[in-house]
Amino acid sequence: MSSQQKWNLVSYDVRDPKRLRRVAKLLEGYGERVQYSLFRVRATTERLEKLRWELSELMAIEDDLLVIPLCDRCATKVDDHSRGDRSDWGDPPPSFEIF
Amino acid sequence: MTANLDSNDTVAAPEEPPIRVMALHALLYCERLFYLEEVEGLYEADERVYAGRRLHEERVPKLDDDSRELRSFEVSSESLGLFGKVDAARIRDGDWVAYEHKKGRCKRVSSSDKTPMAWPSDRLQVAAYAMLLEEQLGQTVTQGRIRYHQDNVTVRVPIDDLIRAEVRAAVEMMRRLRRSGDRPPVSDNEKLCRRCSLRVICLPEEERITVQPEGARDRATLFPSRRDRRTLHVTTVPATVKRSARQLHVETDEGTKKIPMEQVDAVVLYGGAQITSQAIAACVHEKVAVQWVTTGGRVTGMVETPGRVRQRIRQYTALTQSDICLQLARVTVVAKIQFQLQYLLRGTRGNEIARAAAQADIEMIRRAVSRAEKSESLDSLRGEEGIAARHYFSSFNQLLSDRVAASLRMNGRTKHPPRDRLNCLLSYGYSMIFGLVQRTILAIGLEPAFGYFHQPRTTAPPLVMDVMELFRTLLWEMPLVGSLNRGQWDETSDFEIYPGHVWLSDEGRKKAITLFETRLTESYRHPYTDQSLEYGRMVELELRLLEKEWSGSSGAFGQLRIR
């Protein structure tokens, strides 16, 4: 059901520094930065739609957004040689962290 | 032109605040949905709701001429009893027209006649906006237009006397429902439920089970079976949880870990862990639980946001009736003792020596179950619960393998404080269950301090104590015994021994939290709903089923068992 989480790549072009900062800050609340304008977000369909709605509130018509859903198999095939990549694409989402 | 406002308009009584126009949509979709959202205030956005909101941000088009336009503005009317936000209003052929944008497809006359039509709820909604508009503008609005974006169709809705009467009748209906204290029943149309944003709260399939004969349970439940967020346990000192935009930063001596807030369901702070006021405020805003626990594991408190009044009134009303309390207490105690019985049977299966040693206790527990099933008072239930617990813990060591060191075995159940290592582990685990149950009770809107079985005490909210009885064996004793039998506990490094009591060391505490949290990710087939779901979701499911016990559909709560 909708509780299934999938990886998505979220890439953006924002043509105004103020909006750019806001968009980046918003995405930091959903996933991790992979490259400058590229985030990876593991989300249920519901959370992804929430993100897209919140982005639509921040972005202007002249800005661009690209959301690329990755299936589980594709995600495990992501190489980890590029700068921001992590090696845990194939791991199940963590349900807790202890500090 | 002047507004054509009839003199026989329904006049709202002063105690009848206006209702959102959006509620018309809910009303026509399902009366129960209307009630849950508008009366109980239980809003839950799902992917379709968010997609609809995005549509309004992105796709409501600009005008291509210079005609006057009003966009996305609030209107309300005392006399109509409605308020809402009109997507757009424009002058077309000299008259104002109300526009409504919809993400989906339009209705078609029939499968052969593809003429586009408005869906009944959309039609009523645009009519309501038109009526609000004409009161605001003082001019008659004769037409509403609905834009269906998925098939790019605009449907025109004439605003005539007939549809005006329909809107007023719907408002009357909504007021009548609002005055009622009971949730309307689940809709007969199951298809509606699958696409409903409140399916997680309403749990229609669970309710249908109770009126269905055995064997007819073929439909999947709509309750999410997995957790999609994580819990942060901050156990080290010094540690501070801070906020930066939409991230939580956990700062420790080892560095700062940044966690997206959307991925967090709770922050649990142990002992001296710090959290900034900004982080607390952000957690409250994002509905992330914040809970404080002492180093010893006692839950001292948590951030609480205002509860849902209607839910709580219904809870108070139900739990002040002694027959309801007795019935719920009986279900709970029987479930708890059954767990203990089944676990002793299962844990000694195939081990004749252990079974023989536990046999007398097993018999006593079995008798306690059958007496509890027939019990007619809370006091006798307490008695049976105590008898069963005494025999259960007297044979608890039989569950442990021979390889478990004597120092990790139980020497009678002791608490406040625990006097040996196993008691210390048991108590710590129960505290974690307590914390989880408390967080879940508050998250779904119930009142933790109003229970049905435990005595009211200020330090221990009775409903939390009541409900956690269902989970002691399932969520802690079973994984704990497993980990002891696997030799995962170290009698020196995991514990701190003091005269008269035993605490967990920092290392032991992390081990206990890991064991508990790992248990929550394991799946289990619920014997009543037949759904396979994570233990981490089970607590919420049981609490929602508990609320159904006094909200129109009983019999589903506390049916958890192990096989």
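In total, 20 residue pairs, both members at pLDDT 80 or more, are found in polar contact across the interface of chain B and chain A in this predicted model. On the side of chain B that touches chain A, the elements that give two or more residues are α3 (47–58), β9 (230–234), β11 (247–252), β12 (255–260) and α17 (506–521) of chain B. Of these, α3(B) gives the most, with seven residues. Sorted by class, this side of chain B has 18 charged residues, together with 13 polar and 13 nonpolar ones.

Salt bridges also span the interface of chain B and chain A, where eight are found. In one of them, the side chain of B:Arg246 meets that of A:Glu54, with an N to O distance of 2.7 Å.

As to extent, the contact draws 30 residues from chain A and 44 residues from chain B. The size of an interface is often expressed as the accessible area lost when the parts come together; for chain A and chain B, the area buried between them is about 3,300 Å², with 53% of it on carbon and sulfur atoms. Of the area that chain B buries against chain A, 19% is supplied by B:Tyr50, B:Arg54 and B:Glu262, a contribution that exceeds that of any other three residues.

Terms used: Residues are numbered from 1 along each chain as its sequence is written. Chains are lettered from A and ligands numbered from 1 in the order in which they are written. This is a predicted model: local features need pLDDT of at least 70, side-chain atom pairs count only at pLDDT 80 or more; totals for chains, interfaces and linings use all residues. Side-chain values use heavy atoms; hydrogens and water are left out. Contact means heavy atoms within 4.5 Å. Buried area is the accessible area (1.4 Å probe) that two parts lose on being put together, summed over both. A salt bridge is a side-chain nitrogen of Lys or Arg within 4 Å of a carboxyl oxygen of Asp or Glu. A polar contact is a pair of N or O atoms within 3.5 Å; within protein, one must be able to donate a hydrogen and the other to accept it, and residues adjacent in sequence count only if both atoms are side-chain atoms. Helices (H or I, at least four residues) and strands (E, at least two) are DSSP runs, numbered from the N terminus. Ala, Val, Leu, Ile, Met, Phe, Trp, Tyr, Cys and Pro count as nonpolar, Asp, Glu, Lys and Arg as charged, and the others, Gly among them, as polar.
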